[in-house]
Amino acid sequence: MDKVSIGLLGFGTVGTGVVRLLTKERKRLEERIGCTIHLEKILVRNKNRPRKVLIDSRKLTTDVYEILDNPEIDIVIELIGGIDQAYRYILRALKNKKNVVTANKDLMAEYGEELLLEAKKNRCDLYYEASVAGGIPILRALTDSFAADRIQKMIGIVNGTTNYILSKMSHEGLSYEKSLASAQRLGFAEADPTSDVEGLDAARKMVILSRLAYSIPVRLEDVKIKGITNVTREDIVYAQKLGYTIKLVGIAEVSNGDIDVRVEPTLLPAAHPLAAVENENNAIYVYGSAVGETMFYGPGAGEGPTAVSVVSDLLSVIRNMALGVTGHHIFVPKKEMHPRKDSLIESQFFVRLHMKDKPGSFSKLTDLFKEQDINLEKLYQEPVLGQDIAEISIVTHRTKKVLFEKSFEMLKRFEVVLNAKYFRVERG
């Protein structure tokens, strides 16, 4: 195989990084795979728009079918984002016997299983490492490096926007609103940050990770999702007083064949490795029954890191083409989906509340937890200056989720309780 021709869909931030790598590192990459890499066409919206990398304008096209239906093109790289249009383009590429590399997490979370089956049917490759955690090779690790192990649990900081916001709130004392504005100024958050701050972006990534780790067909609707919009600076301060930090984490855990996947603001002990992951960085903590605990850490987005993952996938496809084994590696979930019942879920919980500072108020609180057989591990109480109100923070021992939630609803109905909220605690 002397030459491989590539069609690139999208010339935005990541597309620019891919072209930059294929141009700057072309000789080294070709030496590694033993053939010429030819970038045939690039799909753009506007041919006349200024570019950050030099490119022959004859390679630019606004007609996607010059790529999808071009018999000379062997591999299509999809970087346009979105779901519906990208789905149609990738499906057509696969039906035309073209291998595909994508960075599209939304698409792979929604239609990944269908597209992988189509790829296998047409003996094509479909790689998507860049869809989760940017430059961190976590998907390759799950499919290859951990193939001999049984993964028990994964905890991931997989959204850089929310991690940046919570880092600013934790270390600079900024409010949620000011931290979000800072993220938007720096390009870490979109003008409409809903998908990030409400946990949807992280949930889609946890869907992809869970399918690979457990061979279970997890879907987005199977993930319990809470965002960070209700996290305040005060929540973080009182969590820190008890030795914790608050992170938006995705957690996937299997026990007795049942799976629990969730994304929510969670308290982590200050000594936990994930607690030290700051700003826009990502990390995935993996628990294997044989290997033990491992962590994958690095930049979760950006031109360079994501482009590295895309081009690495491209090289894998070219190697498979040379060996004649494209489509043989395709992995699709084989087990049935059995969500863990709420009655079987256990956790520790962090409760923060304001209570009227009246005789007997505190004992009423502790009596409630005692009656419900919920033990308290940590408790912090201090008066609110200038008011007859006490600020109380509690960390429970591990208890059943349904039992705790029942107790929490009873607590909120106490006349002496002015407001209350809770978060889950994850020790690892």
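This is a predicted model: local features need pLDDT of at least 70, side-chain atom pairs count only at pLDDT 80 or more; totals for chains, interfaces and linings use all residues.

Tutor: Residues are numbered from 1 along each chain as its sequence is written, and side-chain values use heavy atoms, with hydrogens and water left out.

Now the pair: α5 covers residues 105-121 and α10 covers residues 200-214, and they pack at about 45° with axes 8 Å apart (axes are lines fitted to C-alpha atoms over the stretch in contact, and angles run from 0 to 180 degrees between N-to-C directions). That angle makes α5 oblique to α10 (under 35 degrees is roughly parallel, over 145 roughly antiparallel, 65 to 115 roughly perpendicular, and the rest oblique). The crossing of α5 past α10 is left-handed, meaning the near helix is turned anticlockwise from the far one by less than a right angle.

Who touches whom? On the α5 side you have Lys105, Asp106, Met108, Ala109, Gly112 and Glu113, meeting Asp201, Arg204, Lys205, Val207, Ile208 and Arg211 of α10 (contact is heavy atoms within 4.5 Å). By class, that contact has seven charged, four nonpolar and one polar residue; Asp, Glu, Lys and Arg count as charged, while Gly is among the polar ones.

Zooming out, the protein chain has 14 helices and 17 strands (DSSP runs of H or I, at least four residues, and of E, at least two). Its C-alpha trace spans about 85 × 45 × 35 Å along the principal axes.
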